[in-house]
Amino acid sequence: MRVLFAAHQFFPEHYAGVEIVTLGLAKQLRARGHETFVLAPKRSIPGNNIEPGQIEDYEFEGVPVRRVGRPKEGLNRPYRLDYENEVMASRAREYMREVQPDVVHAEHFQGLSAAVIPAFKEFDVPLVYTATDFWTMCPVVDFRRHDGAMCRGPELAHCVRCIASRHTGTRMKAIADWTPGAAIRLAGALSSSPLAALSHQLRQIGALRERPGYIRERMRLVDRIIVYTRLMRELLLANGIGEDKKIVVSPYGIDTSRIAGLPRNTSEPPPLRVGFIGTLAPHKGCDILIRAFRMLPPEVEAELRVYGNLERFKPFVRHLRQLAAGDRRISFTGPFRREEVGEVLSGLDVLVVPSRWYENQPGVILEAFAARMPVVATDLGGMSEFVRHEENGLLFGLDDPADLARQLRRLYEEPGLLRRLREGIGPVKTVEEDAAELEALYESLLSGRERVV
């Protein structure tokens with residue numbers, strides 16, 4: 001079987017959750033005797049040495065990869081390219097002709113755009129889509145609104161402000177902040193009138209207004225949608241994406257080879273060794289953890305290790321250091337290599353996932369569970385579907401450092417709590433098991449169909 005994976009970005013420059021899952025599945029399916037390939041966009045920015053539409057072929061850990069340059073970035077770029085990019089669709093067709101896959105499995109459409117969906121389906125092969133995040137429903141992906149509220153679906157007045165909020169200090173953000181919602185909705189109505197031909201801003205708003213319907217129509221061509229959580233299934237259906245019979249809830253599996261076999265962590269505080277592993281960006285909430293940690297009274301012997309790239313979001317990292325205020329119990333240790341994850345986890349007692357957004361299935365939670373380590377997480381979205389309060393971890397309120405501090409203090413003060421939470425951790429799905437499930441799914445979709453080349 002030949003399987004083409006599509007993702008929004010890929011190694012070596014990008015190595016977060018979706019990329020790790022895609023690579024792991026591609027390698028596992030190869031180990032099972034199949035041929036796998038990856039198609040992904042690449043940002044056309046200085047230093048990346050690629051122009052919009054230009055292709056780049058290479059191999060990564062034995063998997064052939066084709067990357068295609070994304071459109072040039074900037075506020076003047078036509079917003080429609082976010083979800084309708086015919087250059088990407090053309091490149092997808094070219095790669096389909098070359099690779100001739102039996103199945104296409106899209107892990108993400110961002111950067112590629114939804115225009116690649118009909119391009120894939122022209123070749124009469126099954127198309128599987130994994131909803132790794134909320135891109136099909138949310139222009140800014142994370143469903144966290146500009147005002148901090150959690151969102152449930154697109155609304156033009158809010159979507160305009162959400163996009164603008166990602167461009168701090170720009171004229172666009174200032175205008176969006178001061179423009180009433182009614183005026184934005186009026187602009188949305190005018191965007192379909194002849195006036196739009198005279199105004200770049202109206203065309204941008206019109207493209208944003210049309211985004212949900214365009215994606216919804218193309219998503220009807222997808223044969224099967226895999227979701228990691230019940231929350232994702234509920235949101236997709238509420239936004240008209242997918243059908244009940246097409247959506248399968250199936251958490252992904254992780255590579256446990258770097259974790260399995262390590263000595264089981266049985267240490268008890270003091271000290272309580274707390275860890276954060278992830279992107280040091282506001283939506284991941286590391287600042288909440290630092291605030292909570294500094295609320296712990298002096299008699300609580302604890303240490304906090306923060307693992308993450310210290311260079312990518314420098315203003316936020318500076319903010320984190322200011323919050324830490326030179327506290328010697330808090331260390332910013334930077335990133336680590338993937339093969340070191342077991343060693344890093346073995347040096348912790350508890351992992352904290354304080355995200356401010358729904359998340360979907362944070363791989364770091366599963367890695368912690370594979371290491372038999374309890375997790376303290378925000379009581380929200382995918383996090384609370386995997387972390388069960390007082391069974392395999394603890395939950396705290398969204399954006400509530402005082403509540404997080406209470407949960408951390410419990411781990412220190414309540415005898416046997418940490419041990420009981422460790423014992424409540426169940427088996428973790430492996431990438432080998434995930435690949436076997438997907439293999440069976442692909443075969444079921446292919447059965448009874450004749451290949452058209």
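This is a predicted model: local features need pLDDT of at least 70, side-chain atom pairs count only at pLDDT 80 or more; totals for chains, interfaces and linings use all residues.
## Basis

Local features require pLDDT of at least 70 and side-chain atom pairs pLDDT 80 or more, while totals for chains, interfaces and linings use all residues. Numbering starts from 1 along each chain as its sequence is written, and side-chain values use heavy atoms, without hydrogens and water.

## Nonpolar cores

A nonpolar core is a set of buried Ala, Val, Leu, Ile, Met, Phe, Trp, Tyr and Cys residues joined through side-chain atoms within 4.5 Å. Buried means under 20% relative accessible area, exposed over 50%, and partly exposed in between (1.4 Å probe, protein chains only).

The largest nonpolar core has 117 residues; Phe109, Phe120, Phe134, Met219, Leu236, Leu351 and Val375 touch the most other members. Beyond its neighbours within four places in sequence, Met219 is in contact (heavy atoms within 4.5 Å) with Phe109, Ile117, Tyr129, Thr136, Ile225 and Ile241. A second, separate core holds 36 residues, including Ile290, Val352, Leu404 and Leu417.

## Cysteines

The whole structure contains 0 disulfides, a disulfide being a pair of cysteine sulfur atoms within 2.5 Å. For Cys138, the closest cysteine sulfur is that of Cys151 at 6.3 Å, which is too far for a bond. Cys138 is buried at 6% relative accessibility, and Cys286 is buried at 0%.

## Surface site

Leu190 belongs to helix α6, residues 181-190 (a DSSP run of H or I, at least four residues, numbered from the N terminus). Leu190 has a relative accessible area of 32%, so it counts as partly exposed.

Technical notes
Helices (H or I, at least four residues) and strands (E, at least two) are DSSP runs, numbered from the N terminus.
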